[in-house]
Amino acid sequence: MKEVIHNSGLVLDEKLLWEKGKKGRIGFSIPPQDVAVAELDPELVGEDPDFPDLSEVDVVRHFTRLSTWNFGVDTGMYPLGSCTMKYNPKTNERQASLAGLSEAHPFLPESLSQGALQIMYELEQYLMEITGMDAVTLQPAAGAHGEMLGMLLIHAWHSKKGNSRSKIIVPDTAHGTNPASAALCGYKPIPVKSDENGIIPVETIRELMDDETAGIMITNPNTLGLFEENIQEISEIVHAEDGLVYGDGANMNAVMGIVKMGNIGVDIMHLNLHKTFSTPHGGGGPGAGPVAVKKDLIPFLPAPRVVFKNGQYSLEKNLPDSVGRMTAFYGHFNVLIKAYSYIRQMGPDNLKKASRLAVLNANYIKEQLKDTLHLAYDRPCMHECIFSDKNQAAHKISTMDMAKRLLDYGIHPPTVYFPLVVHGAIMVEPTETESKEDIDLFIETFKTIAKEAEENPDILTSAPHVSKRRRLDEVEAARHPCLTG
Amino acid sequence: MQYLPHTKEDIKSMLEVVGVSSLDELFSSIPENCRFDGRLNLPEPMTEWELDDHMDSLAGNMAVSPDYKIFIGAGSYTHHIPMSVKYVTSRSEFVTCYTPYQPEVSQGTLQAIYEYQTMAATLMGMDVATASHYDGATALAEALLIAARKKKKKYVAISSLIHPHYREVIHTYFSPTQYEIIELPYLENGRTDLSQLESGDEFGALAIQSPNFFGCIENLKNAADIAHDQNALFIGSYTEAMAYGLLKNPGSMGADIVAGEGQSLGIAKSYGGPALGMLGSKKEFMRMLPGRLVGKTTDQDGRPGFVLTLATREQHIRREKATSNICSNNNLCALSAVAYMASLGGTGFRKLAQLNHDKAEYLKSELKKAGGKIPFESPTFNEFVVRFKNGFDKKYARLKDKKILAGLPLATFYPELENHYLMCVTETLKKEDMDMLIQEVIS
Amino acid sequence: MKEINELNLPDDVRYTKDHEWAKVTGDVVKAGLDDYAQDQLSDIVFVELPEPGDTFGKGEVFATVESVKAVSECYMPVGGEIIAVNSKLEDDPGLINTRPYEDGWLVEIKPDDLTEMDDLMDKATVLKVLEGNG
């Protein structure tokens with residue numbers, strides 16, 4: 001067994017905020033009172049907010065200590081399938097924090113916000129080129145928000161044509177959010193089972209697609225890490241019934257510069273800038289989920305849209321067929337800057353290379369681990385590969401046990417129990433930014449854990465052992481919710 | 001390329017293991033006719049310092065303080081953000097992690113969000129708050145959807161003094177539903193006209209923003225009573241969270257759900273996003289709240305710890321029966337907010353809120369002396385509407401050239417309000433900045 | 001998960017194909033989730049029950065039960081009016097796991113048509129169905 005680098009002893013405890021501090025302290029430099037105090041009607045005035053008073057040192061130490069209990073991409077390998085936890089370049093943070101951008105007010109006159117508008121306009125152009133689509137809106141705040149917009153666009157397009165459609169096809173290899181997004185816009189999701197090769201069977205789509213079906217939601221590459229080989233034929237079937245093809249671009253990191261979705265029948269798609277385009281996940285957000293569309297759908301895009309005319313950038317608000325507005329202003333602009341910065345650093349060849357190396361890393365792991373873990377589909381994969389706990393079942397060891405044991409070895413577990421198509425799924429997406437040595441260490445570690453499963457299963461079922469906390473009681477948390485302190 | 005660690009030898013040996021002869025061959029499962037053969041038409045790569053130059057020039061093409069004196073709020077507020085808040089929230093352990101699905105190695109994010117939920121609920125006067133939403137507009141739209149589904153009545157009523165962009169988002173979110181939206185007009189005093197609700201009981205929700213888009217503080221108690229009398233839920237909203245350092249919170253005035261914008265709490269304006277959608281409710285609606293929630297529990301050694309909880313409300317479990325498809329939160333923004341609220345503390349929060357109010361009152365009274373009219377008499381917090389004489393637009397343009405943005409022209413949103421400007425003053429503007437504006441108005 | 005031979009399936013109740021149980025006492029039908037259902041769901045954390053006075057047809061959804069990672073709907077074994085609900089479950093939903101046929105009952109129903117009970121399965125039939133699936 002390889003030497004394990006465990007956490008050392010410097011993991012400190014820390015109280016809750018309100019268990020610290022003392023009335024009268026402050027961690028803020030309040031400006032002088034240079035005007036008279038103006039009393040407000042006492043009827044309207046409330047109590048001081050019941051917050052603890054802390055000094056700046058109290059606050060800084062508190063959050064610094066908390067931060068050390070987290071594992072991030074900067075801590076170590078984070079092969080979370082379907083999440084693309086690639087390295088987040090530090091220069092992106094510098095660009096996004098430039099005062100001219102981060103301090104810009106969203107109601108600045110257009111003449112005084114040309115820099116921001118140029119970034120948005122150019123980012124749209126880049127994303128159009130990468131996807132092969134005809135227009136992009138940057139407004140959606142997240143992938144799920146992009147999906148919701150996608151469904152609204154499909155709805156608006158059919159309404160304008162006078163089509164009345166009530167269903168939408170959602171294969172079982174599509175992203176977990178898809179059925180909820182469809183249902184929010186009034187569509188009944190029609191499930192489709194993937195075939196023995198893990199892809200959508202064309203004949204099933206041919207049978208299901210009719211004039212009451214608005215379209216299909218396809219994740220390509222799909223959540224099994226496989227390319228939907230029949231996508232063009234499926235698109236033709238859907239288009240023949242006047243339906244639309246929605247592409248979930250969550251897995252775009254596999255095919256930048258290799259496949260243009262707009263060329264293979266996709267009408268609408270969203271991208272996750274926090275996956276493919278290197279903006280950090282931030283422990284759950286903010287991300288950004290721009291939506292790209294083909295020409296026919298442009299009139300329905302959210303308002304406002306950035307336009308470039310006579311050397312000036314401006315915001316076009318007068319869009320009569322628009323589905324409306326998705327966020328209070330123009331989306332997560334600060335996140336957009338980071339994606340822009342990434343694309344400008346990478347250029348066309350490095351983006352393509354990133355996809356190729358992401359796919360290389362995944363296939364390498366698949367080959368190296370397929371004798372250790374059960375491989376769900378033994379075919380060439382794209383940027384992620386899916387194993388299961390089938391081989392370990394004899395030792396009563398589950399996917400969860402192996403995931404928790406990985407934590408002891410300083411590696412973040414892959415995505416577990418998703419996709420649902422594979423029982424006990426272990427979904428590994430290494431991304432291109434992991435080196436061969438780090439990937440080898442991951443493989444070695446998993447082999448060690450598989451051996452432990454045979455020889456010393458207790459060490460897995462009781463894992464993790466050296467993290468800040470051990471397994472937590474989720475049942476108690478849900479039975480008696482304690483959401484505030 | 002510094003982000004791509006593979007050497008030629010690495011690639012060669014890895015390809016051998018995979019059993020293919022080239023990187024291209026890795027993509028053999030993609031049919032020929034699906035592949036793009038060309039080269040992406042994108043700008044050539046920049047070095048890190050070339051990129052710095054390029055971005056500096058773009059950022060230089062923007063108007064920001066202190067170079068510009070900006071008297072605009074309207075949903076995005078200029079408040080001082082302590083360096084300590086920016087510093088701790090930019091720690092990469094917070095920034096580069098995913099959603100805390102492995103709680104054993106995510107206690108930092110989880111405890112911080114639990115603390116955010118607690119302080120957010122306190123500020124709103126609610127029993128619970130979610131881990132956050134995209135922004136105030138989407139949080140408010142979600143709140144209205146909760147109420148509409150709960151009450152199953154024909155309409156939801158919203159004030160026309162809710163931020164115009166928020167109303168647009170609400171209309172977008174409601175477009176696929178069967179519920180209709182009534183927009184309530186405003187009164188001469190700058191508050192919402194609730195009279196049409198006193199007779200009809202076909203509305204399931206009433207949403208009021210306070211301070212409203214004109215900066216006026218609404219009578220939330222009265223609105224809550226009217227809603228409750230008609231068996232509707234009352235939703236309180238705000239764009240300026242700072243106001244609740246001074247004002248009675250919506251919960252104490254009878255709100256069932258509160259949805260507002262927390263950008264003022266330590267989050268950079270960033271041309272409008274990301275911001276912080278704050279959403280809270282009374283306990284009875286807890287299980288209807290969309291979005292993430294963190295709860296306290298214990299680990300197997302009995303030590304306290306935190307997990308994501310009540311996940312059965314969410315889209316990945318309830319699938320098409322979920323009430324929202326949201327599956328993230330604006331986590332870093334919530335982290336900034338909790339660090340900011342902790343830095344101010346209860347005492348500092350009150351003091352800073354009072355100062356915002358004082359400064360805005362100073363400008364209001366001085367503008368009045370300078371000939372401006374204050375058309376809406378209701379009390380305000382740090383924003384108010386002023387009406388200037390006909391032709392002020394020319395002066396407004398001249399002021400812009402002098403790097404002063406004298407408020408937001410309201411006629412864009414309320415065509416009847418020609419020559420009306422929405423002015424905002426926060427602690428970041430000094431008396432001398434305001435005096436300069438007043439001098440210019442008089443001259 | 002329990003093996004089929006480990007399941008507790010009493011002889012004095014009848015079962016639906018969705019694993020609700022029903023038991024007649026006088027003219028009242030008591031209903032709950034059977035051992036198989038509670039075992040599949042694992043630790044139950046929340047139950048959403050109807051109000052007394054609500055009426056449902058046979059096979060209609062009358063309640064939902066939640067575990068940490070799943071939501072499951074409960075279907076009426078017979079049509080009728082809900083006359084009582086088990087309020088103990090509010091604080092202690094785990095009773096469905098520990099005592100599914102006793103303290104873990106869900107509702108009492110005043111049936112519209114008691115002969116609907118005849119469509120339900122006995123223990124032997126349930127076991128046969130489970131083995132068929134297994």
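**The second largest pocket**

Modeller: β6(C) gives the most to the lining of the second largest pocket, with 5 residues. This is a predicted model, in which local features need pLDDT of at least 70 and side-chain atom pairs pLDDT 80 or more, while totals for chains, interfaces and linings use all residues. Residues are numbered from 1 along each chain as its sequence is written, chains are lettered from A and ligands numbered from 1 in the order written, and side-chain values use heavy atoms, without hydrogens and water.

A pocket is an open set of points on a 1 Å grid over the protein atoms alone where a 1.4 Å probe fits, with protein on both sides within 12 Å along at least five of seven lines; lining residues have an atom within 4 Å of a point. The space in this pocket comes to about 1600 Å³, a volume being the space filled by probe spheres set on the points. Two or more lining residues come from each of α6 (136–151) of chain B and β4 (44–48), β6 (61–67) and α2 (88–91) of chain C. Helices (H or I, at least four residues) and strands (E, at least two) are DSSP runs, numbered from the N terminus.

The lining has 40 residues, and those nearest the centre are B:Glu284, B:Arg287, B:Met288, C:Phe46 and C:Glu48. By class, 18 lining residues are nonpolar, 5 polar and 17 charged; Asp, Glu, Lys and Arg count as charged, Ala, Val, Leu, Ile, Met, Phe, Trp, Tyr, Cys and Pro as nonpolar, and the others as polar.

Chain B has 12 helices and 14 strands.
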